[in-house]
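Q: I'm new to this one. Can you walk me through it?

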Amino acid sequence: TAPNYVYDLKFGLSLLSENYLCFAAVIMDRYQEQPHLLDSHLEWMLNMLLKLIRDEKSPPLLVHLGFKFLYIISKVRGYKTFMQLFPHEVADMQPVLDLLCRQDPKDTETWETRYMLLLWLSMTCLIPFDLSRLDGHLNSEPGLNREPIMDRILAVAKTYLRVSDKSRDAASVLVSKFVTRPDVKQKRLGDFLDWTLTTISQASDLTMEGTVTLDGALQSLAQLFKHGKREDFLQYAPTVLQCLDQKKIAESSLAMLRKLGVKVVQRLGLTFLKPRLAKWRYQRGSRSLAVNLAQSTAAGKVLDAKPELESGSREEDYDIPEEVENVIGKNLQLYILAPTIYTIIFHYLFLTTHSIGRVTGRLPKELADEVVGSVLDCFSFQETDNAWHGGCLALAELGRRGLLLPSRLSDVVPVILKALTYDEKRGACSLGSNVRDAACYVCWAFARAYDPSELKPYVNQIASALVITAIFDRNVTCRKAASAAFQENVGRQGTFPHGIDILTAADYFAVGNLNNCYLTISVYIAGFEEYTKPMIDHLVSRKINHWDGVIRDLATKALHNLTPQAPDYMAKTVVPQLLSMATGMDLHGRHGAILACAEITHALYKVGAEICALIEKLSLSKMPFKEDPVISKLTCCLHSPIYTDNFKGRLSSVLHSPVLHFQLLSTEYFANGFEQLVSQYLAALRSPEVLTRCGCALALGSLPRFMIHSKLQQVILDSLQEACRMTQKEGFAEARRDAATAMARVCVTAGVCAQGSPDSAVCEKNVTAVYEALLDCMNDYITDSRGDVGAWVRAAAMTGLLDLTLQVAGSAPELLSPAICQRMMCCLAQQAAEKIDRYRAHAGSVFLQLLHSTQPVVPHIPHREELLSIFPPHSAESLNWNAASQAFPHVSQLLRLPVYQYHTLLGLAVSVGGLTETTVRYSSHSLFEHLKGIQQDSAALLQFGDTLLRIFRDNLHNDRTQTGMSHLLFVTFILSLSDSLSPLSHPFCVELLSLCKEEIKKSKDIQKLRSCVAVYCGLILFQGDVRKKILVQLMMLLCHPFPVIRKATASQVYEMLLTYDDVIDAAVLDDVMTVLSDTNCDLTTVRSHRNQLCDWLGVPRPTVLAKVIQ
């Protein structure tokens, strides 16, 4: 049917038009960045489309499609350029106006048509004829009242200033072109301004309709005051400004209305002031690059503030209207009231700064300086980041226009430096990237505005600040902006230190990677001394306490990398600051300071290692530096970590590298004058600082042979032996360790000569003292908060014994007496049976090296053959001493050898009482296996028991060994010997009971007390007087002050009576069991129950001894 056909045709055209529009938009969008390339094609495209539009046969859909194509072109090229191509003859006005009047302002599908028609009408309004000529005789036809074209156009403009689409923008352009015509402004300007101000006064920005109305009215005012002549609008400017003040557009919640308000206020300010170019402004050369290059003699020179920009030598005096102050005040106030979305902020503040710049350019010098002062007032930490942002943009605009005189740079530059690092913390993040970006723009503008001589006093400050922002800023846009500003200054100013070199490493694209900036580029730039300390200070003050954990981590790593550039500054200035920050209130600051201290400490250690490596290479290359002052300086470098009283808190590993390289230096270059140095080290062995003792002991151990010749015994060995002695219960473990290491090294360096002098070599007169000192170190079991620190001393002594013994055995084996060898091997066997895996493995390794050594052979090793059968050479390498499952089965076999039995059993006692499950399990299992092996050998069992008692006696009240002895070892031995010993009072049992009583006397160690209860219950196997004495002790423990001991005693006695039925009469067994089950109560009740138990068991009741008062 016909209606369906029409519908299908419209739908087909609509679908086709959409496809063509999308295709055209894709093509035209390619010219967005360089739209001027379309200029040669605009005319023919416009004529082709207008021909289609003017054709009366074209359907409405096709006409609208043509206007949509025109809008796409104008959007890419810009309406200001494109609208000039519209035909604007007299014959075009009436058709365009009629076509526009036929459009529906509310049709959302054809807004492009209305937009382009309004622009076309704006061009036709420029015809140079009075519009009244086009009206003809309005009343020539009777009954027909025609409206003048002037009124029709104004009506159309007013209509479209209220619509919500883009036609509103074109309507404001139409108003600016039409109302400013000479004939229209005489008749309609005042009325139109009254209508506009009335509309503004009546509209509300709280509704959508009111917002649209205000937008259109403000746009029309801005366009009128922009394109109109000052003389025509000056009389209306105060009224318009008063209306805006009353409406309070600047306080509107809508950013777009505030932006338009800024535009209008700016145009009003320019209207109040006469158009003029300030003669006092600063101008750098000519704006033409060709002219500047041609003036070779005057290149780079400033015209200063004296160019004659206008005729006359003196600035013209004239009155400044009062409204100008209001205009400037509103613009400055708008900085603080800026919106919160960054894109809107930028356009909004950028417009405001242009307004400030244009108005200031028309003021006298004194008033312009007041404007600069007002802008500087925005840079207060009481203001928001919006005020700082706007202030930076304003300073850049003033500087770019030459309105910021060089005399103000002393006030401006410090403010810009603060803005480059502006970062205001807000909760878990911070604000300020817009401020830093704007500050970079200021630096970029200043580079173009000022002569190098004007910025010379501030070059280093600006350069350092820009470099810091370019490599350390968190925001990539700020880093790129700073890099661009730095590049502009390098090119325009030419005074930035090492500018070209820095730009090569930190160009616009290189600073895009944050990790690369912090860890690579920063190291390169810090190589230039002008930037080193500012970069370090910035990281310490701004970045290690940053809210972003990634930045804190990168900052600390950057400090690590920058430490080699300024090690002294780091150690003496930065580290103390970090230590104070590490105890501050800021959590982020504490975290960053701790990480930074760790990174800088590690870096300083690496710097020291590099210096030591240099000294090593110089020494090995035998450079001709003997008796040269450089040797003194190198020695001082090594003495700094070795010999100092300020070592507290440093790592001891720092000492080893300088000590090692000091040996090379002293061997090669110290020929004379070393006596004072040796005396210095010996005196420092008595220093109260632990690590000072360590450094000097290691330094003595590294001395070459010629320096210790004739001083070995009287000076060095005596001092080191004294340093090895345990003179205090705590502390100095590191010093004793290093003294033991140094003593062995000194002996190895001095050499061995059996009949030599004790001051020159190890001989028969001093070898015993050396071995005794090292073997005494094997008994160092000092503990502190770090644990068994005596293990360090024992490990050093074992290493020293190995080196010294192999040296002596190879040179003078007769110096090794059987007593020395026996004690040494026994001590090593004890260490190889103890509980700490690392030191057990070290002891086992030393033990086997001495046993299996063939070049030379170590003499007088007790039970060598038996030892070789236990530890055959071919399986020594496969034995893993760190694994308890492998070590203890081998070590326990030493219990069969009488010489090693005491020390091996002592070591196993410690392992049995350890805390590690595998150590306790395998050491106990190995001990059980040994006892099973000698179960039928009564002599071996008795010898084992005697050894056990001797260990108990020697280590009485020694918690380190008694815990293990009491916990498991005695119980195991008692159970194993129950069939071998006499059922009556065997001496072993009597002495064991006596030792146990002595051990727990006045003891408050719960673990020890519980272990002794288990021992007593095990000794109940033995009858006679021993059993009665044991029962008395158990009854006493039932009334122990500690409830846990009373409970444990009752529980174990209960189990003992169930296990051994010959301890108590069966008739009272149930009563005894009942009492033992109810002993966990107050001490008075327990004592009565205990007394009842004593009666049933047939033992005397314990009595409380009265205290003797003297």
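Q: Is Asp1071 buried, partly exposed or exposed?
A: Asp1071 counts as partly exposed, at 39% relative accessibility. Buried means under 20% relative accessible area, exposed over 50%, and partly exposed in between, using a 1.4 Å probe and protein chains only. Before going on: this is a predicted model, where local features need pLDDT of at least 70, side-chain atom pairs count only at pLDDT 80 or more, and totals for chains, interfaces and linings use all residues. Residues are numbered from 1 along each chain as its sequence is written, and side-chain values use heavy atoms, with hydrogens and water left out.

Q: Which helix holds Asp1071?
A: Asp1071 lies in H52, residues 1069–1076. Helices are DSSP runs (H or I, at least four residues), numbered from the N terminus.

Q: How far is Asp1071 from Leu1093?
A: Their C-alpha atoms are separated by 8.9 Å. Along the chain, Asp1071 and Leu1093 are 22 residues apart.

Q: New topic. How many aromatic pairs are there?
A: A search of the whole structure finds 20. Rings of Phe, Tyr and Trp (its six-membered ring) pair if their centres lie within 6.5 Å; planes under 30 degrees apart count as stacked, over 60 as edge-to-face and the rest as tilted.

Q: What about Phe86 and Trp120?
A: Those two are stacked, 5.5 Å centre to centre with 20° between the planes. The pair links distant parts of the chain, 34 residues apart. Phe86 is in the loop between H4 and H5, and Trp120 is in H6. Both Phe86 and Trp120 are buried.

Q: And why is the pair of Phe192 and Trp195 tilted?
A: The planes of Phe192 and Trp195 are at 35°, so the pair is tilted; the ring centres are 5.6 Å apart. Both residues lie in H9, 3 residues apart, about one turn of the helix. Phe192 is buried, with a relative accessible area of 1%.

Q: Which residues do ring pairs link into a cluster?
A: Phe379, Phe381, Trp388 and Tyr422.

Q: Switching to helices. How do H37 and H39 pack?
A: At an angle of about 15°, with axes 11 Å apart. Axes are lines fitted to C-alpha atoms over the stretch in contact, and angles run from 0 to 180 degrees between N-to-C directions. That makes H37 roughly parallel to H39 (angles under 35 degrees count as roughly parallel, over 145 as roughly antiparallel, 65 to 115 as roughly perpendicular and the rest as oblique).

Q: Why is H10 largely enclosed?
A: Of its 20 residues, 16 are buried, so H10 is largely enclosed by the rest of the structure.

Key:
Helix = DSSP H or I, 4+ residues; strand = E, 2+ residues; numbered from the N terminus.
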